[in-house]
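Dear colleague,

Please find the structure below, with the sequence alongside. Notes on what was found in it follow.

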Amino acid sequence: MARWGMVIDLDKCNGCQACEVACRSENNIAVGGPQAASEHRTISWMQVRAEVEGEWPDIRSRFVPQPCMHCDRPPCTLVCPVQATSIDREGIVNQIYARCIGCRYCANACPYTVKFFNWHKPDHPASTEPGLNPDVSVRPVGVIEKCTFCSHRLQKAREMARVETRPLREQDFTTACADSCPTGAIVFGNLDDPTHRVAELSRDPRAFRLQEGLGTEPKVYYLSRRD
Amino acid sequence: MTDLEIVSTLPQDERVLLMPLVRTTKVFWRWAAVMAAVALWGAVAYVYQLRNGLGATGLNTPEYWGIYIICFVFFIGISHAGTLISAILRVANAEWRRSITRSAEFITVLVISFGAVQPILDLGRPDRVLNIFLHSQPFSPLLWDVLSITLYFTASSIYLYVPMIPDLARIRDLGLRPRALYSFVAIGYHDTPAARQTLERIIGILAVAVIPVAVSVHTVIGWIFALTLKPMWHSAIFGPYFVVGAIFSGIAALIIAMAILRRVYHLEAYFKDVHFNNMGLLLLVTTVLWFYFTFAEHLTVWYGGEESELATLYAKLTGAFAIPFWTMVACCFFIPFALMARRKTRNVTGCVVASVAVVIGMWLERFNIVVPTSLHPRLQAATVHYTPSWVELSIMAGTLAGFVLIYMIATKFFPIVSIWEIQEGRELSVHEVSERVASYLPDDLAAVER
């Protein structure tokens, strides 16, 4: 059984935000526009956050691309009253848009603030329609959404492997953000398979996870020479 | 004979206490119209929100919860006025309870539905609310909340209704209108000594049973916050802290209701200075308890010094939320403590001033719990603010007005002071209490040794 995870090398990330853009078009994320931005209601499953430490001129900063951490012990799934979010056997934390009642309890329970709410009816302007991804459902107003580790790609890859009667290979399935990263900072794969690069990288001495002390066991690892 | 003539000829207790049922003043209609208009405006605002989604609120990322959740905690807190206070006083055999229990129990039953509806107003998909039963996830504190509030509503409705049966039977026998209503709700009760004994036994059991249910309700509401990992929410003290806060605001709401009822229905003889004095003492005790819990909570956070917890704490103490925080401390501690600690200011006016301060302060307390924590997530301090929209404020005003309106209407159909319990007090309790006191006194040694 796979345990899907991600390693993001912060020493390689140059903050270009290609991952954000790739994620938006892959996952049919609504166009918020200036109004949503001014109201702090934009949705971005993958966010490159700038982390700044210290005071000028003694300043250190870096970019931290942040998707859903797909925690092994997710605080968000526990609190959902209708089981609209749960962790599947392969460790992907999923969302059922058609069941979510929009209470936003999971968004509050998430210590990483990576769950997003559709405050308005998601806007997909006519010009973006031809580019919508037919593999990903668009969300209705009033539900929570977040990064799914591009699980629709996993479904496709798995079908393909079955048709070709062979096991799923590492190169069969990766996420849109990892695909698009020009510096190769984002690596995706099966953490439990020693032949996958993520398995090796996640054991790198530079590896750490966000808010490790909370015991949420995230499956997104970061590599950095400092802390 | 009209209803008014029937009531006018009755002896004092029945005459005074049934008068509001048969005589309605112009002032009542005027206030009812105002309350109905505000409630209607709230309903209009909700329809607007239904059509436009929760975008009509001032909420955002990461301020996922706002006015509706604050009001949820606030109204359910007020609902502890009745059942809990009345049950505790009954269990403790506090004789001065007789004239205040009914008005308290009515607050509980009527405000609880207005509180319970708040999370539904807050849902992004209210059309899917029944998923809570279809796809129940038993580990969700929200589900525990649905269960405990439903149980509490049921228990406190029964606890309001059962002690009202003798009064309803009396009204039925007097033939007041609407006759069909009273003969239906009196369920064929006849006030014989045997019936009275059974009734009192049931009330005794209900009063004990309802206390843990009431405690569970606000504990679970505290847990909704405390079971997340959020800074200043993730705290073991939240269950009991919320219960104390609920009783605190409940007592304050009851004092305000008593003062208004006393004035508009001329119940000076029933809500006497001693009642306000005693309620004021209860308010004083809960004021001190509230301060103790609040101090313990904030000291622990400050001393622990964890980064994200401190960011939230300082936002309250000296930062963006200093005004609501210190207003809360003044309203919940300094004002009620200063007024209630002195016998001289523990009069009707003093109690009402303190209670209004407490009710405002306890609303602010919930604001200070919900908003600063939301705006200080563990990762990446948000530069966001939360300004409630006109929709949220209208719905809040509408909810409050709706509650007041329904309470006003209730006083027109049901005696707001328990008539039979007052009469029982006059006839039996004076004797019973002196016997009880006599039984506390030391036995006669000579008699025991023999």
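**Helix packing in chain B**

Helices α6(B) and α18(B) cross in the right-handed sense (left-handed if the near helix is turned anticlockwise from the far one by less than a right angle, right-handed if clockwise). The axes of α6 (residues 101-116) and α18 of chain B come within 10 Å, at a crossing angle of roughly 145°. Axes are lines fitted to C-alpha atoms, for helices over the stretch in contact, and angles run from 0 to 180 degrees between N-to-C directions. From α6(B), the contact uses B:F106, B:L110, B:V111 and B:F114; α18(B) contributes B:T399, B:G402, B:F403, B:I406, B:Y407 and B:A410. Contact means C-beta atoms, placed from the backbone, within 7 Å. By class, these residues are eight nonpolar, two polar and no charged (Ala, Val, Leu, Ile, Met, Phe, Trp, Tyr, Cys and Pro count as nonpolar, Asp, Glu, Lys and Arg as charged, the others, Gly among them, as polar).

The model is predicted: local features need pLDDT of at least 70, side-chain atom pairs count only at pLDDT 80 or more, and totals for chains, interfaces and linings use all residues. Residues are numbered from 1 along each chain as its sequence is written, while chains are lettered from A and ligands numbered from 1 in the order in which they are written. Helices (H or I, at least four residues) and strands (E, at least two) are DSSP runs, numbered from the N terminus.

**Strands in chain A**

An open sheet of four strands runs β8-β1-β10-β9 in chain A, with mixed pairing (two strands pair if DSSP finds at least two bridges between them). β8 (186-190) and β9 (207-208) of chain A are at the edges with a single partner strand each, so one side of each lacks a neighbour in the sheet. β1 (4-9) pairs antiparallel with β8(A) over five bridges; there A:V7 is bridged to A:V187.

β2 (47-55) and β3 (58-66) of chain A are antiparallel, joined by nine bridges, and form a hairpin with two residues between them. A:V48 has A:P65 as its bridge partner in β3(A).

**Interface**

36 residues of chain A contact 32 of chain B. On the chain A side, α4(A) gives the most, with four residues. That side has 21 nonpolar, nine polar and six charged residues.

Regards

Definitions and conventions: Contact = placed C-beta atoms within 7 Å.
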